[in-house]
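Please look through the model below before reading on. The points that follow are meant to be checked against it one at a time.

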Amino acid sequence: MEKMETFCVKINLPGGVISAGDLYEILQIAENAGANAISVGNRQQLYFCIPQDRLEDLEMGMLQAAIDYEINSDQFPNIISSYVTDNIFNTESWLKEGVYKDIFDLFNFQPELKVNLVDKHQTFVPFFSGNFNFISSDVSNYWYLYIRFPKTNELYCWPCLVYSDDIPTFCKVSQEAILGNKQLFYDQPEINYNLFYEKVITSNNFINQQIAEPLKLPDFSLSYYEGFNKYLNDKYWLGIYRRNELFPIAFLKDVCSICLKTRVGQLYTTPWKSFLIKGINEADRKDWGFVLNNYRINVRHAANELNWQLENLCKESLELKKQLVREFEEYDLRTYRLCFAIKMQPKTGLLASIIIKKVKAGLFDILHTRDFNPNSKDFVVYKQKLPAGSLGQSLIELCNFYYELLIDNSVLLHPGNTEDTEIENDVEIIELYQCKNCLSIYDKNYGDPVNGIPVGTDFKAISDYECPVCESRSDCFIAVEKQVHHISKN
């Protein structure tokens, strides 16, 4: 029997947000063209595959709905944003729904270079995976900008803050400067930043703000991003992850129907290839439970399966990930604060603490960032040319090495200390409580704003406590100790 050729269809969702009605229309067009499942890309876009003989059905549906799409192409990478994190994984920023939407609406062209709009208070959406990486500052409506020129790993910090309304025009002008001068700014070992700056600002009256202090990013921690979770105003959000990265179209249509029925206006896609729905009422949880049961959707995967970045629609990466996750689970491996990427192709832009990189058929290198921060571009080679069967044990050893670094306090170094100077190390032991199910931490020094628990409240003094992430009861929390070292020089 002759194998039917398929086409891969990609639809960008600017910022990773779409209305329930618009998504339902896309799903209907995809289904009419022969697709049965949808995938989310690592830039928050949608993918689905159709048989070659159904291309005409697809084109007709897309034309009638006025939807932009690409077939077997990625000329226009999606604009990604941390919009999905608002009110869930961060609540302290000026960067809210209206600001995101205003910026998206001002884009009157499709960028050919990658644009990221990210809140600096969160770590769920990567900061530097784009070419134009806009990161919120402490000044309302102004952004830091870090430019990664195409096919390079070098980041150039734009010398002033960029105003929100200028972002689309800035991206258009900068893209024209780069693509119109590839011999200077595209896949070049050295970039003349001053020349690029002059080309962009010439004849453009951008509103600039002086950078008062360097950008400071939080330590990386990947939030548990699936299942039902309570957040502000007694609402719930639902995160849905699929091990095979495929969401049945019939299931998603039912999800959209519930959203429309219960007046949940929007759905969100994440860079971790999942869907997220906000604003679910307590009274409507039974409807959501019914549809999850009906399609046998599991929403409580282990944390060590959720912290992976893979290339889009790559079966080889997916199979390797499944193998490694099985080994991690058998070993009961802790991977908190770490994330992993599998790169089968060079220069894919995936960011992670630990990278598994294919060097040739059946052989892989393992690299990690020098500080295990996924936003770092300083890579260290850990192991080289390992067969796939040896990767699991080496990754387990590397993870254990990371945690040894965190707990090893036997050597205390004082910056700039070149003499034999005595160092006093006063150790304070702080008792924390950690959820066994999602690894969330309760620290009385911070309290729990989501549950209305003020700073300084001892965990044992809280009655009927619920985990703000996974809703586990207080008996699911175990006491853990954290050592804080106060170092002084004599």
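The notes below take up a sheet, the helices across it, and a pocket.

1. The model is predicted. Keep that in mind for each point here.

2. Begin with the open sheet, whose 5 strands come in the order β18-β19-β20-β21-β22. Its pairing is mixed. As background, the strands of a sheet pair through backbone hydrogen bonds, in either a parallel or an antiparallel sense.

3. Which strands stand at the edges of this sheet? They are β18 (308-310) and β22 (379-387); each has a single partner strand, so one side of each has no neighbour in the sheet. On average, neighbouring strands of the sheet are turned by 20 degrees against each other, direction ignored.

4. The partner of β18 to look at is β19 (residues 340-343): the two pair in the parallel sense over 3 bridges. Within this pair, L310 is found opposite I342 of β19.

5. Two helices lie across strands of the sheet. Helix α10 (residues 315-331) lies across β18, β19, β20 (354-360) and β21 (363-369), and runs at about 160 degrees to β18. Helix α11 (residues 388-407) lies across β19, β20, β21 and β22, at about 150 degrees to β22.

6. Turn now to the second largest pocket, which holds about 770 Å³ of space. It is lined by 29 residues, and those closest to its centre are N12, L13, P14, D68 and N78.

7. What is the make-up of the lining of this pocket? It divides into 17 nonpolar, 5 polar and 7 charged residues. At least two lining residues come from each of β1 (6-11), β2 (17-19), α1 (20-32) and α3 (97-106).

Methods:
Residues are numbered from 1 along each chain as its sequence is written. This is a predicted model: local features need pLDDT of at least 70, side-chain atom pairs count only at pLDDT 80 or more; totals for chains, interfaces and linings use all residues. Side-chain values use heavy atoms; hydrogens and water are left out. Two strands pair if DSSP finds at least two bridges between them. Helices (H or I, at least four residues) and strands (E, at least two) are DSSP runs, numbered from the N terminus. Axes are lines fitted to C-alpha atoms, for helices over the stretch in contact, and angles run from 0 to 180 degrees between N-to-C directions. Contact means heavy atoms within 4.5 Å. On a 1 Å grid over the protein atoms alone, a cavity is a set of points where a 1.4 Å probe fits but cannot get out, and a pocket is an open set with protein on both sides within 12 Å along at least five of seven lines; lining residues have an atom within 4 Å of a point. Grid points are joined across faces, edges and corners, and a volume is the space filled by probe spheres set on the points. Ala, Val, Leu, Ile, Met, Phe, Trp, Tyr, Cys and Pro count as nonpolar, Asp, Glu, Lys and Arg as charged, and the others, Gly among them, as polar.
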